[in-house]
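Subject: Structure handover

Hello,

Here is the structure I said I would pass on.

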Amino acid sequence: YKNTFNQAYSITKFKYYIGNICLKDVDGKEFKSKDYFLINEDEDDSKQLILQNIPSGNYVSIHFIIGVDSLHNCSGLQTDALDPVNGMFWAWNTGYIFLKLEGNSSFSKSPANIFEFHIGGYKQPTNSIRTINLKLNNPLNIAAKTSVIDIKVNAAEVLKTPTAIDFSVLSSVTTPQSAPTIANNYADMFSILQVKNEN
């Protein structure tokens with residue numbers, strides 16, 4: 001790929017947490033999921049999020065957070081997606097890494113020309129949790145046999161808008177203090193591709 005500064009780069013790792021998923025129907029009623037999901041772009045299975053026990057209805061929007069909320073950050077040892085064995089937990093700072101983007105660029109001045117953005121932090125003023133609000137292009141009908149929302153994730157957005165990342169200037173962010181700049185970038189990396197309702 002090439003970034004805003006026409007710097008070539010390759011991605012070797014892209015992982016992030018999705019949580020607090022909420023579907024809103026045409027009447028404004030909400031279905032909220034308490035589950036957290038760890039998306040690993042190298043693992044297709046991790047990119048299929050299955051929500052259970054959604055009440056029948058026509059849902060017109062979805063919102064969720066990128067990150068892990070303060071309650072789960074402070075709840076000690078956890079399992080499943082939030083298990084520290086997944087490599088998304090800072091042992092030195094007792095908290096979750098919300099998003100990891102790693103790769104290489106010849107413009108990076110880090111050893112071996114790597115870049116690494118490990119974004120986390122839930123306390124102000126360095127809170128890097130971001131809420132994503134997406135309107136569906138047609139209603140999600142939970143009365144159907146199977147209903148699917150296809151969502152596109154653009155990893156390149158982590159490196160641009162509102163702040164374009166120049167690898168020769170910034171190739172590593174691994175502390176909460178520097179994270180909000182990258183978090184503001186990844187806030188718009190999602191878009192709806194289609195909604196499919198199979199009867």
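Strands β1, β4 and β9 (146–153) each supply at least two residues of the lining of the largest pocket. The model is a predicted one, so please read everything below as computed from that prediction. The largest contribution to this lining comes from β9, which gives eight residues. The pocket has a volume of about 810 Å³. Its lining has 27 residues, and those closest to the centre of the pocket are Gln48, Leu49, Ile50, Val148 and Ile149. By type, the lining divides into 19 nonpolar, three polar and five charged residues.

The nonpolar core

Next, the largest nonpolar core, which has 52 residues. Which residues have the most contacts inside it? They are Leu99, Phe117, Ile119, Tyr186, Met189 and Phe190. Several elements each supply at least two residues of this core: the strands β1 (10–25), β3 (36–40), β4 (58–66), β6 (95–104), β7 (114–120), β8 (130–141) and β11 (190–198), together with the helix α2 (179–186). The most is given by β1, with six residues.

Leaving aside neighbours within four places in sequence, Met189 is in contact with Phe14, Tyr16, Ile66, Leu99, Lys152, Val153, Asn154, Glu157 and Val158. One of these contacts, Leu99, is also on the list of residues with the most contacts inside the core.

The helix α2

Is α2 enclosed or open to the outside? Six of its eight residues are buried, so α2 is largely enclosed by the rest of the structure. The buried ones are Ala179, Pro180, Ile182, Ala183, Asn185 and Tyr186. They pack against β4, β6, β7, β8 and β10 (172–173).

Leu134 and Ser61

Leu134 is in strand β8, and Ser61 is in strand β4. The cut-off for buried is under 20% relative accessible area. Leu134 has a relative accessibility of 10%, so it counts as buried. Ser61 has 16%, so it counts as buried too.

Not counting residues up to four places away in sequence, Leu134 touches Ser61, Ile62, Phe64, Ile151, Phe190, Ser191 and Ile192. Phe190 is 56 residues from Leu134 in sequence, but the two C-alpha atoms are 8.2 Å apart in space.

Ser33

Ser33 sits in the loop between β2 (30–32) and β3. A polar atom of the Ser33 side chain lies 3.2 Å from the backbone nitrogen of Asp35. Beyond four places in sequence, Ser33 touches Asn20, Ile21 and Leu51.

Backbone points to check

Most residues other than glycine have a negative phi, and most peptide bonds are trans.

Asn20, which is not a glycine, has a positive phi of about 50°. Asn20 lies in strand β1, and at 30% relative accessibility it counts as partly exposed. Asp80 is not a glycine either, and has a positive phi of about 55°. Asp80 is found in the loop between α1 (70–73) and β5 (89–90). With a relative accessibility of 66%, Asp80 counts as exposed.

Which peptide bonds are cis? The bond from Gln124 to Pro125 is cis, with omega near 5°, and Pro125 lies in the loop between β7 and β8. The bond that joins Thr161 and Pro162 is also cis, with omega about 10°. Pro162 is in the loop between β9 and β10.

Regards

How values were computed. Residues are numbered from 1 along each chain as its sequence is written. This is a predicted model: local features need pLDDT of at least 70, side-chain atom pairs count only at pLDDT 80 or more; totals for chains, interfaces and linings use all residues. Side-chain values use heavy atoms; hydrogens and water are left out. A nonpolar core is a set of buried Ala, Val, Leu, Ile, Met, Phe, Trp, Tyr and Cys residues joined through side-chain atoms within 4.5 Å. Buried means under 20% relative accessible area, exposed over 50%, partly exposed in between (1.4 Å probe, protein chains only). Helices (H or I, at least four residues) and strands (E, at least two) are DSSP runs, numbered from the N terminus. Contact means heavy atoms within 4.5 Å. A polar contact is a pair of N or O atoms within 3.5 Å; within protein, one must be able to donate a hydrogen and the other to accept it, and residues adjacent in sequence count only if both atoms are side-chain atoms. On a 1 Å grid over the protein atoms alone, a cavity is a set of points where a 1.4 Å probe fits but cannot get out, and a pocket is an open set with protein on both sides within 12 Å along at least five of seven lines; lining residues have an atom within 4 Å of a point. Grid points are joined across faces, edges and corners, and a volume is the space filled by probe spheres set on the points. Ala, Val, Leu, Ile, Met, Phe, Trp, Tyr, Cys and Pro count as nonpolar, Asp, Glu, Lys and Arg as charged, and the others, Gly among them, as polar.
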